[in-house]
Amino acid sequence: MIQQEFCFCTLALGKVYRTLAGLLAKDLELYSPNTAFIILTDYPQDFSNYSQVLAFQHQQQGVKCYHDKRFAIAKALSLFNSCIFIDADMRILAPVPEDMEWLLEPGISARACMDMPKKFAKALGTTNKKFTREIEVIKKAAQFLNLEPECENVMFVHEYLFSVTKSTGKEIEFLETWAILAKYFELNGVYEAEGNAIGLAAYKAGLPVRWSEMSGISFFNNKTELIKIQKGESNMDEMLTYFKEHGITAYPKRSIFWKIVFKISKVIMHIYRTIKYRVFKTYIIQERREKVY
């Protein structure tokens, strides 16, 4: 394998996501054969037959796994100058160039992002309590980091596809601050939308965040693809195979018994992790905050 300055990386916890990551690994073998694919997973042995995959053992650290993406990025940046994080349930559709100019720019390049004030504006008048609670916690998190609560210059990052390129150590502060915010958001009951933490942490670290078309990466994401089809920018017939593979893999058929067992186990683990976090709440926040300042 030819050594490159960048790699792809992802997080694949649980059988479903390991299987999805396997499909993505096959795409990269076909379309980007000289690029390493770093996977943090609970069962690295599943990827032993993929020549490009560097699989590392990882057990879920958060109440939910969304913020654990930072560990995949940290591992990738310990080995390469740049990494492209891609959700495990996505696909690559065409050859990936070995020289992408946008990847040379220090900081974060995101396929989708928006400034925080626009996100805040969306919350005005909404009846979605979950969304308004998220906005409230974002503002409190900004104050926690001694940033302006209105986050005028902060960019929210849609976390399904984005790159991080080293920037004179700012990427390290970014990851450390993300670690603090991961705890902060989860302790305040916001477990998803890790793009909030990414944006705040990058701004605190002085790591640039920019929108990029990410030219050269043709991808399939089931959610964004449906939107593109509705807009007439994509064709369902052409994407049907990918939708079918995603559906079969992401939503495997289970007996009623195993569905019940699966749901109960998820609830138990969620309660366990939530209690563990709250027991150590004061210690975690105080210890992590000292590292920021």
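**Briefing: helix packing and aromatic contacts**

α3 crosses α4 with a left-handed sense. The model is predicted. This briefing covers that helix pair, then ring pairs, then lysines over rings.

**Helix pair α3 and α4**
- Helix α3 spans residues 116-123, and helix α4 spans residues 129-144.
- The two helices pack at an angle of about 140 degrees, and their axes lie 9 Å apart.
- That angle makes α3 oblique to α4, because angles count as roughly antiparallel when over 145 degrees and as roughly perpendicular from 65 to 115.
- On the α3 side, the contact is made by Met116, Lys119, Phe120, Lys122 and Ala123.
- On the α4 side, Phe131, Thr132, Glu134, Ile135, Ile138 and Lys139 make the contact.

**Aromatic pairs**
- Searching the whole structure turns up 8 aromatic pairs.
- One of them joins Phe6 and Phe8: the ring centres are 6.3 Å apart and the planes stand at 70 degrees, so the pair is edge-to-face.
- The cut-off for edge-to-face is over 60 degrees.
- Phe6 and Phe8 are both buried.
- Phe220, Tyr242 and Phe243 form a cluster linked by ring pairs.

- Lys119, one of the α3 contact residues, places its charged end over the ring of Phe156, 3.6 Å from the ring centre.
- Lys75 lies over the face of Phe56, with 4.6 Å to the ring centre.

Methods. Residues numbered from 1 in each chain as written. Predicted model: local features only at pLDDT ≥ 70, side-chain atom pairs only at ≥ 80, totals over all residues. Heavy atoms only, no water. Phe/Tyr/Trp six-rings, centres within 6.5 Å; stacked < 30°, edge-to-face > 60°. Buried < 20%, exposed > 50% of the residue type's maximum accessible area, 1.4 Å probe, protein only. Lys NZ or Arg CZ within 6 Å of the ring centre and 35° of its normal. Axes fitted to C-alpha atoms, helices over the stretch in contact; angles between N-to-C directions. Helix = DSSP H or I, 4+ residues; strand = E, 2+ residues; numbered from the N terminus. Parallel < 35°, antiparallel > 145°, perpendicular 65-115°, else oblique. Left-handed = near helix turned anticlockwise from the far one by under 90°. Contact = heavy atoms within 4.5 Å.
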